Amino acid sequence: MTDSPVPLSGTTLLAGPSQVGKTRTTARAFEAWLDRHGTDGVVVLEFAPEVERDGELLGGRLDRFTSVPDDVWHGVLDAHAPRADATSDDEALALARENAEHARTVLEAAPKPTAVFVNDATIPFQADHGNVSLLVDHLADAECAVLNAFESDELGAENPVSRRERDVVGTLRERVDWTINLE
């Protein structure tokens, strides 16, 4: 039986900077859930953009670390990385708004979960109109929810996307049962 790095009941947030193992830890929890409970009612929400910085892939999708079975509902956002892809704050906000619009479609299509695993939970809500309650409400129906979120000033602290992301992480911290800070 696969060991889980997090509780497999309630809601757990994995937070931290780039390259500390948030996605890998989420993948391990996902595998442990599947090993114990199977695929029935499992939802994967994949919001992570794939970003290359200095020749190194940062973040990325869960399937870098595990396979998502065909009978798991897998909602994938073809996300932008607003701060990495943009040349100005206005352009970053426009990309964040586009992420929010597309993520709403993914969240609205997702079935009611027994267990949900969210990779890069803040991406859909980095714009000023992104409503994190859409995600929080979806998590409330699950027996188990594991989500990860970038939390660091390494991509800037005072740009609008970073400020909004900080607010979203704060909201998630208030609404989950456990937070694990990875460093």
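This is a predicted model: local features need pLDDT of at least 70, side-chain atom pairs count only at pLDDT 80 or more; totals for chains, interfaces and linings use all residues.
The largest nonpolar core has 28 residues. Those with the most contacts inside this core are Leu45, Phe47, Val116, Val118, Leu135, Leu147 and Leu172. Two or more residues each come from β1 (10-16), β2 (42-46), α3, β6 (115-119), α4 (133-140), β7 and α5. Val118 shows some of these contacts in detail: apart from neighbours within four places in sequence, Val118 touches Thr26, Leu45, Phe47, Leu135, Leu139, Val146, Leu147 and Asn148. There is also a second, separate core of 19 residues, and Leu14, Trp33, Phe117 and Val146 are among them.

Phe117 also takes part in an aromatic pair. The count of such pairs comes to one. Phe30 and Phe117 are arranged edge-to-face, with 5.4 Å centre to centre and 75 degrees between the planes. Phe30 belongs to helix α1 (residues 22-37) and Phe117 to strand β6, so the pair ties together parts that are 87 residues apart in sequence. Phe30 is buried, at a relative accessible area of 0%, and Phe117 is buried with a relative accessible area of 0%.

Which residues of α3 are buried? They are Ala92, Leu93, Leu95, Ala96, Asn99, Ala100, Ala103, Val106 and Leu107. Viewed down the helix axis, the buried residues of α3 fall within an arc of 155 degrees, so they line one face of the helix. The cover over these buried residues includes β2, β5, α2, α4 and α5. On the face turned away from the buried side, α3 carries the exposed residues Asp90, Thr105 and Glu108.

Leu77 sits in the loop between β5 (73-76) and α2 (82-85). With 2% relative accessibility, Leu77 counts as buried, because the limit for that class is under 20%. Leaving aside neighbours within four places in sequence, the contacts of Leu77 are Glu46, Phe47, Arg61, Asn99, His102, Ala103 and Ile123. Of these, Asn99 and Ala103 are listed among the buried residues of α3. Phe47 is 30 residues from Leu77 in sequence, while their C-alpha atoms are 5.1 Å apart.

The charged pairs come last. Side chains of opposite charge can pair when their charged atoms come close. How many salt bridges does a search of the whole structure find? The search finds two. One joins Arg104 and Glu108, with 3.8 Å between the closest N and O atoms. An α-helix has 3.6 residues a turn, so residues three or four places apart point the same way. Arg104 is partly exposed at 35% relative accessibility, whereas Glu108 is exposed at 59%.

The other salt bridge is formed by the side chains of Arg173 and Glu151, at 2.6 Å from N to O. This pair links distant parts of the chain, with Arg173 in helix α5 (residues 160-175) and Glu151 in the loop between β7 (144-150) and α5, 22 residues apart. Arg173 is partly exposed, with a relative accessible area of 30%, and Glu151 is partly exposed at 32% relative accessibility.

Notes. Residues are numbered from 1 along each chain as its sequence is written. Side-chain values use heavy atoms; hydrogens and water are left out. A salt bridge is a side-chain nitrogen of Lys or Arg within 4 Å of a carboxyl oxygen of Asp or Glu. Buried means under 20% relative accessible area, exposed over 50%, partly exposed in between (1.4 Å probe, protein chains only). Helices (H or I, at least four residues) and strands (E, at least two) are DSSP runs, numbered from the N terminus. A nonpolar core is a set of buried Ala, Val, Leu, Ile, Met, Phe, Trp, Tyr and Cys residues joined through side-chain atoms within 4.5 Å. Contact means heavy atoms within 4.5 Å. The arc is that of the directions from the helix axis to the C-beta atoms. Rings of Phe, Tyr and Trp (its six-membered ring) pair if their centres lie within 6.5 Å; planes under 30 degrees apart count as stacked, over 60 as edge-to-face and the rest as tilted.
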